[in-house]
Amino acid sequence: MAQTSPSAPSVAVLCGLGGWVPPRIVDNAELSARLDTTDAWITERTGIRHRRHIEPGQATSDLAVEAGRRAVRSAGGAPPDAVLVATTTPDRPCPATAPVVAARLGLAGVPAFDVAAVCTGFLYALATASGLLATGAARRVLVIGADAYSTIVDPGDRTNAVIFGDGAGAVVLRSGSPEELGALGPFDLGSDGAGEDLITVRAGGSRQRSAGDDGPPAGPERFFEMHGRAVYRHAVVRMSGSARAVLDAADWKSDTVAHVVPHQANLRILRSVVEHLGLPEERLVTNIRDLGNTGAASVPLALCDAAADGRLTPGDGVLLTAFGGGLTWGSCVLRWPALPPTVRPATPADPPTPRPGTPGTPTPKEQHP
Ligand code: UT7
């Protein structure tokens, strides 16, 4: 861990971007064949046509390692000195997933921890990383949003099964000055725990225990639950309110915002957010049609796709905003930096990173990105 220094530069500057989604495509036809739903309902109500699922035996860290490796490569390959993973689907309840990811990237020894803010997790992790950089506790932070919702959604739940997909996106942040392209901020973050039941997995924590009188969770309470209609309303109000707050704090006018990159909750929600902000729909960045809602991964994955499309040019004003369980919400702005060409997340990894224990697996140092 870097030692703190009073002269440390004070802001986080985005200098690397990468994403990865698993190859298995689950289209609306596949879901309609086994659930009481239709391609027309899914497309009209959510804007989603495909989503990706991990294979049995894979886990969130497998997604996070690929995305992290690509982001570090995009940032020039220098090793980060801290790793944050925003996720709702950690590999295990304990320990956190970030140390595992750091070790597999050859970064064992650096501070590494998870950030739990559901679909707002990536925004919370960006703000947390900015704090590490501002204090000088770190100089280069790998921030990953990674989720594998297919592992917690009830396969028979027609509403959530159509919405959620698996994936990971990542950025590298370095210390820098507020005038630089890529400098993050200001931030707006918030929460309202009165809405805890609107998005939840009831079992597996200390309230519905794995040990004790209740025994291990076996019923439907072990699956992800969402009260879609209420969440929909909160998502529009909170994302547009939070976005407005950072625009005011940054003194950005509507014309300064070239791209709105929101959490990919539902296409109707995203359209409503840009409408509330008085921005034209052309400025909305969305890849929900192809990836669905990938939780904490959705903002960096949308950035990756927009960058791969050549949509993000250096100097463009970019607004990030997210909403999720908790309830939580958050936003920030940045001027897009010059980055090397971004590899599209759906491009196969090259070569795949072997998991520890696989015959022929190199030592962590040899795997260094
Ligand atoms: O990432 C965290 C944040 N998440 C979000 O922001 C998601 C927010 N919510 C949503 O995106 C939407 O509320 C949903 C996509 C979840 C649902 O869309 P909706 O337009 O709000 O539908 P609804 O819940 O009002 O349900 C309308 C009807 C219901 O039937 P009845 O009661 O009218 O007979 C549902 O049972 O649609 C039915 N329904 C479905 N029908 C076909 C629900 N899911 C499906 C389905 N296929 N997959």
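Let's start at the ligand: one of its oxygen atoms lies 2.8 Å from a polar side-chain atom of His263. The model is predicted, so local features need pLDDT of at least 70 and side-chain atom pairs pLDDT 80 or more, while totals for chains, interfaces and linings use all residues. Residues are numbered from 1 along each chain as its sequence is written, and side-chain values use heavy atoms, without hydrogens and water.

| Side chain | Ligand atom | Distance |
|---|---|---|
| His263 | oxygen | 2.8 Å |
| Arg158 | oxygen | 2.9 Å |
| Thr159 | nitrogen | 2.9 Å |

On its own, the ligand has 950 Å² of accessible area (Shrake-Rupley method, 1.4 Å probe), and the protein covers 77% of that. Around the ligand stand 22 residues (a heavy atom within 4 Å), and the closest are Thr37, Arg45, Arg229, Asn266 and Asn293.

Now to the sheet. Five strands form an open sheet in the order E1-E7-E6-E4-E5, with mixed pairing. Strands here are DSSP runs of at least two residues, and helices of at least four, numbered from the N terminus; two strands pair if DSSP finds at least two bridges between them. At the edges are E1 (11-20) and E5 (112-115), each pairing on one side only.

Strands E6 (residues 140-148) and E7 (residues 166-176) run antiparallel and are joined by nine bridges. Ala146 stands opposite Ala168 in E7.

Helix H5 (residues 121-135) lies across E1, E4 (82-86), E5, E6 and E7, with contact meaning heavy atoms within 4.5 Å. H5 runs at about 165° to E6, where angles run from 0 to 180 degrees between N-to-C directions of axes fitted to C-alpha atoms, for helices over the stretch in contact.

Methods. A polar contact is a pair of N or O atoms within 3.5 Å; within protein, one must be able to donate a hydrogen and the other to accept it, and residues adjacent in sequence count only if both atoms are side-chain atoms.
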